[in-house]
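Hello,

Here is the structure we talked about handing over. My notes on its pockets and aromatic rings follow below.

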Amino acid sequence: MGQRHTIAVFPGDGIGVEVIREAVKVLDALAVKTGAGFDLEYGLIGGAAYDACGDPFPAESLEMALAADAVLLGAVGGPKWEGLDYGVRPERALLGLREKLNLFANLRPVNVYDELIAASPLKPEIVQGIDILIIRELTGDVYFGRPRGIRVENGRRIGVNTMVYTEEEIRRIARVAFAAARQRRKRLLSVDKANVLESAQLWRDVVTETGREYPDVELRHMYVDNCAMQLISRPAQFDVIVTTNMFGDILSDEAAMIAGSIGMLPSASLGERGGMYEPIHGAAPDIAGRDLANPLATILSVAMMLRHSLAMPREAAAVEAAVRQVLRDGYRTKDIHHEGAILVGAAAMGDAVAARLLSIG
Ligand code: IPM
Ligand code: MG
């Protein structure tokens with residue numbers, strides 16, 4: 001018997017439910033293959049939790065997350081809950097988990113599979129071989145800064161959010177980024193808007209200071225608008241990119257198109273301890289419940305969970321190899337489909353990955 005691991009599973013809303021179902025198939029296959037034991041504890045978050053109990057982030061879900069070895073999450077949100085107060089919106093659950101688990105480092109790898117080069121709207125020679133790691137700060141910035149809110153002054157409404165970073169917050173994410181770059185091609189790009197924002201000037205200063213601890217890593221800085229452009233024009237120049245919460249949110253969606261589809265990008269959110277794993281895409285209410293979603297981002301998030309939280313690097317590599325094999329065999333969900341490939345739904349894609357996992361050595 002292998003070791004047992006407790007995983008808190010939060011499918012959430014929309015396609016979150018469908019992609020988690022497929023990711024669990026892959027975990028089940030892995031348990032059969034290796035004898036490892038995964039104890040899955042399902043909890044409610046997001047709109048589903050709001051509908052069930054009036055709270056998108058129930059205390060028992062937080063308890064479950066805190067007690068688990070890792071958290072696996074689908075997606076939250078949807079038009080049904082858009083009119084709600086910010087305090088009870090589905091997104092609160094996601095931000096609450098990040099905050100309460102202190103998951104300040106969000107790793108979003110962007111890898112282009114040769115098999116999917118045609119799926120990218122960019123030219124093949126631009127996207128071929130791209131391997132970028134975006135490290136997004138996840139518990140600070142304008143997402144959490146205070147004051148915030150909408151107030152009425154002199155009879156008109158004013159919306160306020162606060163972009164704020166402390167030097168400790170910057171230093172700890174910078175260290176994660178430098179350490180990651182050291183394991184890769186030793187090139188780190190820090191993205192900010194220091195030409196306009198003081199919080200970004202502090203970001204740039206502290207990242208530069210932290211860099212002195214890592215003389216073997218080459219550090220560059222870039223403004224976020226320029227980076228947005230260069231991600232499309234010359235993505236091959238990038239190795240590790242470290243940036244703020246807000247800029248990381250935006251740049252990672254953009255970078256997903258290099259990989260062909262946002263349905264391909266996994267993520268890991270890490271802190272001092274524990275970790276949360278989720279696809280970078282949202283709940284996609286427009287395609288929910290129709291077996292159209294691409295579960296590969298979530299399955300690849302499971303691989304990241306095996307590697308970063310469960311100390312199972314070989315199993316992580318096996319899951320990634322199974323995904324690659326399925327793509328090689330021509331299986332495609334709608335978002336990455338092209339002529340001549342085998343069009344499958346989410347369930348069949350999950351089955352195919354689980355089957356490859358069981359059959360490869
Ligand atoms: C992401 C998402 C979330 C974010 C939303 C759903 C709150 O876009 O994880 O990138 O903005 O962080
Ligand atoms: Mg986002």
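Helix α10 is the biggest contributor to the lining of the second largest pocket, giving four residues.

A word on the source. This is a predicted model, where local features need pLDDT of at least 70, side-chain atom pairs count only at pLDDT 80 or more, and totals for chains, interfaces and linings use all residues. Residues are numbered from 1 along each chain as its sequence is written, and side-chain values use heavy atoms, without hydrogens and water.

**Pockets**

A pocket is an open set of points on a 1 Å grid over the protein atoms alone, where a 1.4 Å probe fits, with protein on both sides within 12 Å along at least five of seven lines; lining residues have an atom within 4 Å of a point. Volume is the space filled by probe spheres set on the points, which are joined across faces, edges and corners.

The second largest pocket holds about 480 Å³. Its lining has 16 residues, and Pro109, Asn111, Met304, Arg307 and Glu320 lie nearest its centre. Besides α10 (296-308), the elements giving two or more residues are β4 (105-111), β5 (131-137) and α11 (313-328). By class, nine are nonpolar, two polar and five charged. (Nonpolar is Ala, Val, Leu, Ile, Met, Phe, Trp, Tyr, Cys and Pro; charged is Asp, Glu, Lys and Arg; polar is the others, Gly among them.)

The largest pocket has about 950 Å³ of space. It is lined by 34 residues, with Tyr86, Glu91, Arg92, Leu95 and Tyr143 closest to the centre. Helix α4 gives the most to this lining, six residues. The classes are 16 nonpolar, six polar and 12 charged.

**Rings**

There are two aromatic pairs (Phe, Tyr or Trp rings, using the six-membered ring of Trp, with centres within 6.5 Å; stacked under 30 degrees between planes, edge-to-face over 60, tilted for the rest). Tyrosine 165 and tryptophan 203 are tilted, because their planes meet at 55°, with centres 5.2 Å apart. They sit 38 residues apart in the chain. Phenylalanine 178 and tyrosine 214 are stacked, at 4.9 Å and 5°.

Arginine 89 sits over tyrosine 86, 4.1 Å from the ring centre. Arginine 136 sits over tyrosine 143, at 5.3 Å.

Best wishes

Methods: Chains are lettered from A and ligands numbered from 1 in the order in which they are written. A charge sits over a ring if NZ of Lys or CZ of Arg is within 6 Å of the ring centre and within 35 degrees of the ring normal.
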